[in-house]
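Here is a short briefing on a ligand site and on one helix. Look at the structure first, then read the points below.

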Amino acid sequence: MRLDELLFSQGFGTRRICAGLIERGLVEVRGSVCTDPGTQVDTETPELVFSVQGQPWAYHAKAYLMLHKPAGTECSHRPGAWPSVYSLLPVPLRQRPTAGKVQGVQAVGRLDQDTTGLLLLSDDGAFIHRMNSPKRHVAKVYEVTTKHELDEKQRDRLLAGVVLDDDPKPVRAAACEIVAPSHLRLTLTEGKYHQVKRMVAAVGNRVEGLHRSRIGGLALPAELAPGQWRWLGASDLALLAG
Ligand code: URA
């Protein structure tokens with residue numbers, strides 16, 4: 001791939017801006033400055049690392065990442081009252097082109113402003129669709145702090161299914177465990193609007209805190225602090241596919 005095309009594909013600006021960065025000697029490929037935008041770069045080599053203005057960047061043909069979403073952030077490109085989760089990502093991830101258009105990575109589903117935990121983001125439309133599809137039943141695990149102490153009746157009703165106000169078909173938890181008097185671990189395989197909060201309200205309780213700890217076989221790593229992100233590797237993607 002041409003070097004200017006490579007930079008463009010990774011989100012470093014328009015083709016013109018990328019060519020300018022290269023001509024000004026601001027781009028290094030595998031440790032050597034490269035000033036010709038037409039230089040052919042082998043992207044197939046396992047780990048292609050280049051740098052732009054001293055910032056190292058690993059080439060990824062497609063972007064798959066996880067973010068530990070902090071409270072007080074919105075999963076929207078045009079947030080209202082709260083900062084956007086996208087503002088936690090470096091600029092190239094927000095500028096990656098899809099089909100030639102600058103779109104950046106997109107969140108796989110949404111979490112509420114006050115929900116924390118595991119959020120996946122990608123620029124691979126097919127992956128986003130697969131992960132969101134209710135037909136695939138990808139399990140999402142939520143740690144729920146409730147206002148009132150939980151009882152077995154509430155747990156059993158969540159497992160049996162509750163009717164929400166926008167659909168006569170009951171929604172049920174795929175798994176539900178009372179971990180502590182006010183801590184419920186709830187597994188869902190769909191993603192309706194405010195689903196956890198509405199299901200917990202339907203059994204007469206109230207969500208005071210909500211944290212997503214797992215999607216499929218992929219758990220939020222303990223070392224990823226709120227607001228931090230990291231790339232997903234092949235083993236992470238395998239855990240999501242399983
Ligand atoms: N269910 C909710 O109610 N809120 C979320 O953020 C996610 C699931």
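The residues around the ligand are Leu111, Asp112, Thr115, Tyr142, His194, Gln195, Val196, Lys197 and Leu210; each has a heavy atom within 4 Å of the ligand. This is a predicted model: local features need pLDDT of at least 70, side-chain atom pairs count only at pLDDT 80 or more, and totals for chains, interfaces and linings use all residues. Residues are numbered from 1 along each chain as its sequence is written, and side-chain values use heavy atoms, without hydrogens and water.

**Make-up of the shell**
- By class, the shell holds four nonpolar, three polar and two charged residues.
- Helix α6 (residues 195-202) gives the most to the shell, with three residues.
- Domain 2 (64-133 + 223-241) and domain 3 (140-215) each supply at least three shell residues; the bounds come from an automatic or database domain assignment.

- A ligand nitrogen is 2.7 Å from a side-chain N or O atom of Asp112.
- A ligand nitrogen lies 3.1 Å from a polar backbone atom of Val196.
- An oxygen atom of the ligand is 3.1 Å from a backbone N or O atom of Lys197.
- The protein covers 95% of the 240 Å² of accessible area that the ligand has on its own (Shrake-Rupley method, 1.4 Å probe).

**Ends of helix α5**
- Helices here are DSSP runs (H or I) of at least four residues, numbered from the N terminus.
- At the start of α5 (residues 152-160), a side-chain oxygen of Asp151 comes within 3.1 Å of the backbone nitrogen of Lys153.
- Just after α5, Gly161 has a positive phi of about 120°.

How values were computed. Polar contact = N/O pair within 3.5 Å; in protein donor to acceptor, adjacent residues only side chain to side chain. Helix = DSSP H or I, 4+ residues; strand = E, 2+ residues; numbered from the N terminus. Nonpolar A, V, L, I, M, F, W, Y, C, P; charged D, E, K, R; others polar.
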